[in-house]
Amino acid sequence: MAKGDFVGEFELYVMLAITHLKDDAYGIRIRQEIEERTGRDVAIGAVYATLGRLGDKRLVRYELSDPQPVPGGRSRKYFRLTPDGRAALEHSAAMMSRMMAGFRPAAERGRR
Amino acid sequence: MTPLLTRLLQSIVAGLASADERRELLVDLQDEARRRAVDHGDNAAARWHRRQLIGSIPPLLARRVSVSRLLLTSGAIRDLRLACRSLAAAPAFTISVVALLSLAIGSHTVVYAVVDGLLLRPLPFGDRGERLFTLHSVHPALSHDWDDAGVSYLDMTDLRREGGALEAIEGVINRNVSVSTGTDTQRVLAASVTPGFFSMLGVAPAMGRDFADADGEAPGFEQSVILGHALWQSLTAADPGAIGREILINGRRIPIVGVMPPGFLFPDGNQLWLPYRAEPTVRRSQRSLLAVGLLRSNTSIEAGAAQLRAAAARLAARHPDTNQDWTIHVMPLRQFFTSGGDQARLLAAVSLLLIGACANVVGLILSRGLARRHELTLRAALGAGRARLVRLLSIENALLAAAGGVFGLLLASWGVHAFLAWTPEPPPYWAAPAVDSRVVLVSIAVTVAVMLAAGVLPALRLARVDAVGVLPGPRATGAPPGVRRLQHALVVAQVAASFALLAGAVLMGRSAAALLDADGGFDRDRLLSLRVYLPGDQYDPIHARAAAVDDLVRAVAGVPGVRAAAATGAIPTDDGGGEIRLRAPAGGPVEELGAQLIPVTPSFWNTLGLSLHDGRSFTGS
């Protein structure tokens, strides 16, 4: 992986959320997933801006769904990681895990 | 119903989100707000909704900016390459426009540099600059050129005592001296200054001391000299221990007491200063000092002038034999050295020239654009929007203006040197025009203005092409009405600007021609002049000077090919003489006349080929 291709923290969250959500990864669901897991109130605009940026880097791609089966139903963009995105996520997670080795945050230590 | 603030935020977010995600983003957010209303109540849900919208603005904005920058740069670089190719393909057009712009921007920059130096740059005397003024003794019979008139030493000291609005009045008089360190002698422009002169200007010597009152006490020769920085460097090899060392000035040893800071050359590029010593024999009618005054900080120049006029009236009453009808005029120091608004008028004229050049360039761009209509229409047909065409044409025009600006600046840096070399009256030492950062900034601003004036308007006009209609053939170059109107307006503007310039140029040319053709009453073609300076105190006695002049005239007259020679205190058509008043006999049409007194040797008239109207010339005795 080239030197300038690190993903940022929030980009990592979004990519992990896409992985967790599997086939249900669209804008507002990704926002909810991050909020549920981190307890952080995340702005929907930040999620869309990050998805756009990851798309520019070719780390995610999307597919448009068929219109929803309700009156005025609309298509949704469902996101997936590209092979490059998967590799970047693996790489970042491995680095993070190596960096985390031997370190336990206080919040984890208190949870027993 | 959605509250107004939420709708406003929604429209902002909608404007920032990309078109394909806008609807999904807003509708999903609204759906979730509705779900939250069930669990947490309407108000909490509405607050959450607004927070979400507000929090979405910065990331979406940041993304929008980075995307547009990406699009802009990628497209702009392509257009830049295209513009370079297009200009290179039309070398005659490119060279003409760049040459025209270089000349106009260059001449504008030179004149601006001159105006900046003389009128805009602050005087090098700190906050005193605007409080300094010059004083001039004026008599109704000698009212012409009063701005050159001097003040007598005795009047100056009286005015100093009586002028309450003034912090100081000091005097200076230029003189030439010969300076020698023993091996090498040079002629130097010096000045005698009253001892308080430098402290009035607020300038202290960089080394050594200022003149003290004792330095100016007569009688006798000066016992101290202050050197200019450059002269100190050349005479003493910048020796920091030069203070106290003696140098030969006019053949007499005088100790150096101080060295002025670099760049200080007051008033006329002077390089050394001696203390002014008023001899006991000095007369009130000897009005030869340039008097400079400093107003108190809360006094206007009008109030100062009124006080000085009142003081001059009292002097006239006390000394009627020398001061009857004399009064004092004052002039801000800057005005004394810049002689009014000539430079500003010149800047206005050159600005007109610039406008004329811009109009010419717009005309050239439009003509070329018409010849390119086929290409532009083709581009439009292939999908280039109007904005894209405007950008392409604007980049071409910006390149032309930038090249004009760069060559104009080069031309200006040469032009400033040429101005200094050719100007008959060099500017004061602090106002020497230079292409410095201020001037370069103005030049860039002028170039940008030229670019906007000469580039954008034609680009907007030319980019109005009809891509849907039939493509005109390459030779179909009839101008559309918008372009025609612009061309007509340009012709009107050009004719108006040119007419004004032409009228000014004709008037100036006629004045110059009249000056050149002015009949001085003698044949100038076979006359040569040389200036001679008699250095040293040994020429102070009048008989020593007369003998030296006689010897010189005889020597020159003896040179083979010289028919006659004479000496004078003022070279005709070049110098003026000393101002005097002639009192006319009673009962004549005027009581008094102003005249110029010029000393000449007896052979003067003969040398100039003139004969006297009546009477005879001087004799040798």
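I started with Arg53(A), which counts as partly exposed at 35% relative accessibility. The cut-offs I use are under 20% relative accessible area for buried, over 50% for exposed and partly exposed in between, with a 1.4 Å probe and protein chains only. Bear in mind that this is a predicted model: local features need pLDDT of at least 70, side-chain atom pairs count only at pLDDT 80 or more, and totals for chains, interfaces and linings use all residues. Residues are numbered from 1 along each chain as its sequence is written, chains are lettered from A and ligands numbered from 1 in the order in which they are written, and side-chain values use heavy atoms, with hydrogens and water left out.

**Entry 1: salt bridges within the chains**

Which residue pairs with Arg53(A)? I found a salt bridge to Glu11(A), with the closest N and O atoms 3.2 Å apart; the term means a side-chain nitrogen of Lys or Arg within 4 Å of a carboxyl oxygen of Asp or Glu. Arg53(A) sits in helix α3 (residues 44–56) of chain A and Glu11(A) in helix α1 (residues 9–21) of chain A, so the pair ties together parts 42 residues apart in sequence. Helices (H or I, at least four residues) and strands (E, at least two) are DSSP runs, numbered from the N terminus. Glu11(A) is buried, at a relative accessible area of 6%.

In chain B I looked at Asp158(B) and Arg161(B), a salt bridge with its closest N and O atoms 2.3 Å apart. Both residues lie in helix α5 (residues 153–162) of chain B, three residues apart, about one turn of the helix. Is each one buried or exposed? Asp158(B) is buried at 8% relative accessibility, while Arg161(B) is exposed at 65%.

Next came Glu396(B) and Arg368(B), whose side chains meet in a salt bridge (3.2 Å, N to O). Glu396(B) belongs to helix α13 of chain B and Arg368(B) to helix α11 (residues 342–371) of chain B, so this pair ties together parts 28 residues apart in sequence. Both Glu396(B) and Arg368(B) are buried.

I also noted one network, joined by salt bridges that share partners: Arg31(A), Glu35(A), Asp41(A), Glu32(B), Arg36(B) and Arg51(B). Over all chains, the count is 34 salt bridges.

**Entry 2: where A meets B**

How much area do chain B and chain A bury between them? I get about 1,700 Å², 45% of it on carbon and sulfur atoms; buried area is the accessible area (1.4 Å probe) that two parts lose on being put together, summed over both. Glu24(B), Asp28(B) and Arg63(B) supply 34% of the area that chain B buries against chain A, more than any other three residues. The contact (heavy atoms within 4.5 Å) takes 20 residues from chain B and 22 residues from chain A. Six salt bridges run between the two chains. One of the salt bridges joins the side chains of Lys77(A) and Glu21(B) (4.0 Å, N to O). The model scores ipTM 0.84 and pTM 0.59.

**Entry 3: chain totals**

Chain A has five helices and two strands, in the order α-α-α-β-β-α-α. Of its 112 residues, 40% are buried. Chain B has 17 helices and twelve strands, and 39% of its 621 residues count as buried. I also checked confidence: chain B averages a pLDDT of 83, with 92% of the residues at 70 or above, on the predictor's per-residue scale from 0 to 100.
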